[in-house]
Amino acid sequence: MWISEGTHCTMSQYGGPSHQCQTLPLSKQYETGIRFVDIRCRHFNDGLLIHHDVIYQLANLDNVLEVTEKFLDAHDTEIVFMRIDEECKPESNTTTFAEAVQLCLNRFSSTLFYQGEEFPLVEEARGKLVVLRDYDGGSGSVGLPYGSLDVKDGGKIPSLLLEDIEAKWHTVRSNLDRAKQGSVSSMYLTYCSGTSALAWPLAVAERVNSYLSDFLKGKTRWGIVAMDFPDAELIGKIIKSNF
């Protein structure tokens with residue numbers, strides 16, 4: 001069982017309040033303790049542009065990997081988990097999405113990546129990037145299938161009415177309880193984020209993150225907890241509860 005503090009739509013800093021999910025750039029997120037990142041790529045002209053929905057986030061997958069490699073070079077006892085997913089409509093490509101990702105990964109040293117086919121023990125993954133493939137990678141692809149995680153998302157929230165926020169929190173808390181009580185061989189991932197036309201990410205995060213902060217007590221197993229707009233205090237609480 002891994003315990004890791006993470007961000008949802010990690011690179012989403014642009015697009016206004018309906019799309020922005022984070023305030024800190026990736027390097028700062030790593031510095032504050034984030035160890036799971038959610039990277040969304042648009043396959044365009046055989047490149048991999050970072051998007052949130054239709055909004056380009058002024059970066060590409062190479063930029064993400066460069067920042068991650070620099071962080072792990074300086075902190076070789078740390079581990080980063082990276083979900084890579086396809087976002088938005090692909091256009092003008094001669095490669096598949098999986099091929100484009102693998103070509104990008106191949107531009108970096110193989111020592112950056114965890115190369116195993118099963119979820120690693122801590123000592124096996126220190127100083128490594130563990131790629132979580134949310135796409136059909138095929139044989140020979142670096143990383144582990146994202147689908148093998150026990151994921152609870154529930155990202156659509158109808159409104160900011162108390163009943164809707166409490167329903168979202170109930171989903172979050174139920175999966176945290178499952179992670180706490182579940183098998184240590186399972187990998188749990190809980191998204192605390194949510195959005196809709198009537199409930200933008202920051203407003204949802206302010207409410208759900210407050211519930212989460214009050215809930216985190218003692219030392220136990222929460223799995224991976226992915227958030228929008230987490231502050232240093234909340235990240236610290238997750239780190240301190242790491243058991």
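This is a predicted model: local features need pLDDT of at least 70, side-chain atom pairs count only at pLDDT 80 or more; totals for chains, interfaces and linings use all residues.
Helix H3 spans residues 97-106. Of its 10 residues, 7 are buried, so the rest of the structure largely encloses the helix. The buried set is Phe97, Ala98, Ala100, Val101, Gln102, Cys104 and Leu105.

## H2 against H3

The H2 and H3 axes come within 10 Å and cross at roughly 40°. The crossing is right-handed.

On the H2 side, the contact uses Leu61, Asp62 and Leu65. On the H3 side, Val101, Cys104 and Leu105 take part. By class, this contact has 5 nonpolar residues, no polar ones and 1 charged residue. Val101, Cys104 and Leu105 are also listed among the buried residues of H3.

## H5 against H6

H5 passes H6 in a right-handed crossing.

H5 contributes Leu162, Ile165, Glu166, Lys168, Trp169, Arg173, Leu176 and Asp177 to the contact. H6 contributes Arg207, Val208, Tyr211, Leu212 and Phe215. The class count for H5 with H6 is 8 nonpolar, no polar and 5 charged residues.

## Positive phi values

Most residues other than glycine have a negative phi. Two residues here deserve a look on that point.

Leucine 58 has a phi near 60°, a positive value in a residue other than glycine. Leucine 58 sits in strand E4 (residues 55-60). Its relative accessible area is 56%, so leucine 58 counts as exposed. The cut-off for that class is over 50%.

Serine 92 also has a positive phi, near 60°, and is likewise a residue other than glycine. Serine 92 lies in the loop between E5 and H3. At 48% relative accessibility, serine 92 is classed as partly exposed.

Note on methods. Residues are numbered from 1 along each chain as its sequence is written. Side-chain values use heavy atoms; hydrogens and water are left out. Buried means under 20% relative accessible area, exposed over 50%, partly exposed in between (1.4 Å probe, protein chains only). Helices (H or I, at least four residues) and strands (E, at least two) are DSSP runs, numbered from the N terminus. A crossing is left-handed if the near helix is turned anticlockwise from the far one by less than a right angle, and right-handed if clockwise. Contact means heavy atoms within 4.5 Å. Ala, Val, Leu, Ile, Met, Phe, Trp, Tyr, Cys and Pro count as nonpolar, Asp, Glu, Lys and Arg as charged, and the others, Gly among them, as polar. Axes are lines fitted to C-alpha atoms, for helices over the stretch in contact, and angles run from 0 to 180 degrees between N-to-C directions.
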